[in-house]
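This report examines the local surroundings of two residues and the confidence of the model that contains them. The sequence and structure are shown first.

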Amino acid sequence: MNKRQQHLLTKLSSLTELGEQLEVLEELVVIEDIDRKIILETTHWQDYHLRHLLRLINKLCPDVRYLISQGKISFSMARAIASLPQAKQEDAARSAIEKKTSVHTFRHLQSKSGDLKLTKHLSMLSDLYSGQS
């Protein structure tokens, strides 16, 4: 492991803001190609937490990621928004912020669509499969 990777891992361990965690984690995984096991050992995170963060990196559109970095979207809301197609994420996020929608209400409203139920189910299966590999 090089000095840059070690610096990023140390930085990630000390971060508490979701937006900052996503930025550093993306750099570690996508650019530096660091293995998940090394990240887990360094950060002492639970595996499910790392999987959730990686899912947000892979699924959220840049505009929603920006809203997260500004502290306008919580971790739970980001996870709910990630279940939507990227084309719908920004509008859904801005609407939730404007209306101060709870995560529970947001998920309930999204579950009314049959397509979203299928997408949610497939996403859950994908997360389950990726956790096994």
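With which side chain does the side chain of Arg51 make a polar contact?

## Basis of the model

This is a predicted model, in which local features need pLDDT of at least 70, side-chain atom pairs count only at pLDDT 80 or more, and totals for chains, interfaces and linings use all residues. Residues are numbered from 1 along each chain as its sequence is written, and side-chain values use heavy atoms, with hydrogens and water left out.

## Confidence

The chain has an average pLDDT (the predictor's confidence in each residue, from 0 to 100) of 90, and 93% of the residues score at least 70. Among the elements of the chain, the highest mean, 96, belongs to helix α5 (residues 62-69), and the lowest, 70, to helix α9 (residues 114-132). Where pLDDT is low, the predicted coordinates should not be read in detail.

## Arg51

The side chain of Arg51 makes its polar contact with the side chain of Asp47, at 2.4 Å. Such a contact is a pair of N or O atoms within 3.5 Å; within protein, one must be able to donate a hydrogen and the other to accept it, and residues adjacent in sequence count only if both atoms are side-chain atoms.

Arg51 lies in helix α4 (residues 47-59); helices are DSSP runs of H or I with at least four residues, numbered from the N terminus. Arg51 counts as partly exposed because its relative accessibility is 27%, between the limits for buried (under 20%) and exposed (over 50%), with a 1.4 Å probe and protein chains only. Ser130 is 79 residues from Arg51 in sequence, yet their C-alpha atoms are 8.5 Å apart.

## Ala80

Ala80, in helix α6 (residues 75-81), counts as buried because its relative accessibility is 4%. Beyond its neighbours within four places in sequence, Ala80 is in contact (heavy atoms within 4.5 Å) with Val103, Phe106 and Arg107.

Definitions and conventions. Helices (H or I, at least four residues) and strands (E, at least two) are DSSP runs, numbered from the N terminus.
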